[in-house]
Amino acid sequence: MTMMPTSADRFTQAAQNRPRAEPVEIWKARNFIHEHSDDKLSLTRVAKAVNISANHLSEKFRQVTGVNFVEYIARARIGKACQLLENADLRISEIAFAVGFQSLSQFNRVFKTLCGKSPSAYRTANTKARTAS
């Protein structure tokens, strides 16, 4: 005779199937990155800030976020850059350095890779979209 699962059994099964909460060290690392994304960041610096080894942070970071450390930082910086590109008074070079890139060419390359267009094309497209609405 098979027993019907109780509500407690269903709750336990749902809890087991649900993704686990983000580990504290990764949460701290992500917060540190977002607070300091315009600074020069390294795996070692972030690992020290959250008090774990760089190797452990690197492995755990990729497991939890699905992207590696360097790509996560690039995405955070490009996200800030997209917001800043809405301000037509700021030059693209100013934005690149303000969000933490060390060179304009690196910024342009990463921006195009992640957004599919150059920063100036992105700005033009978003300016036209805002003006049309």
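Q: Which exposed residues does H7 carry on the face turned away from its buried side?
A: Arg109, Lys112 and Thr113. Bear in mind that this is a predicted model.

Q: And which residues of H7 are buried?
A: Phe107, Val110 and Phe111. Looking down the H7 axis, the buried residues fall within an arc of 105 degrees, so they line one face of the helix.

Q: How far does H7 reach from its first C-alpha to its last?
A: It covers residues 104–115, 12 residues in total, and reaches 16 Å, close to the 16 Å expected at 1.5 Å a residue. Just after H7, Gly116 has a positive phi of about 85 degrees.

Q: OK, packing. At what angle do H5 and H7 pack?
A: About 90 degrees, and their axes are 10 Å apart. Angles of 65 to 115 degrees count as roughly perpendicular, so that is what H5 is to H7.

Q: Which residues make that contact?
A: From H5, Ala74, Arg75, Ile78, Ala81 and Cys82; from H7, Phe107, Val110, Phe111, Leu114 and Cys115.

Q: Switching to the largest nonpolar core: which residues touch the most other members?
A: Of its 15 residues, those are Ala29, Ile33, Leu41, Val46, Leu57 and Phe61. The elements giving two or more residues to this core are H2, H3, H4 and H5. There's also a second, separate core of 14 residues, including Ala74, Leu85, Ile95 and Phe101.

Q: What is Ala29 in contact with, leaving aside neighbours within four places in sequence?
A: Val46, Val50, Leu57 and Phe61.

How values were computed: Residues numbered from 1 in each chain as written. Predicted model: local features only at pLDDT ≥ 70, side-chain atom pairs only at ≥ 80, totals over all residues. Heavy atoms only, no water. Core = buried A, V, L, I, M, F, W, Y, C linked by side-chain atoms within 4.5 Å. Buried < 20%, exposed > 50% of the residue type's maximum accessible area, 1.4 Å probe, protein only. Helix = DSSP H or I, 4+ residues; strand = E, 2+ residues; numbered from the N terminus. Contact = heavy atoms within 4.5 Å. Expected span 1.5 Å × (residues − 1). Arc of directions from axis to C-beta. Axes fitted to C-alpha atoms, helices over the stretch in contact; angles between N-to-C directions. Parallel < 35°, antiparallel > 145°, perpendicular 65-115°, else oblique.
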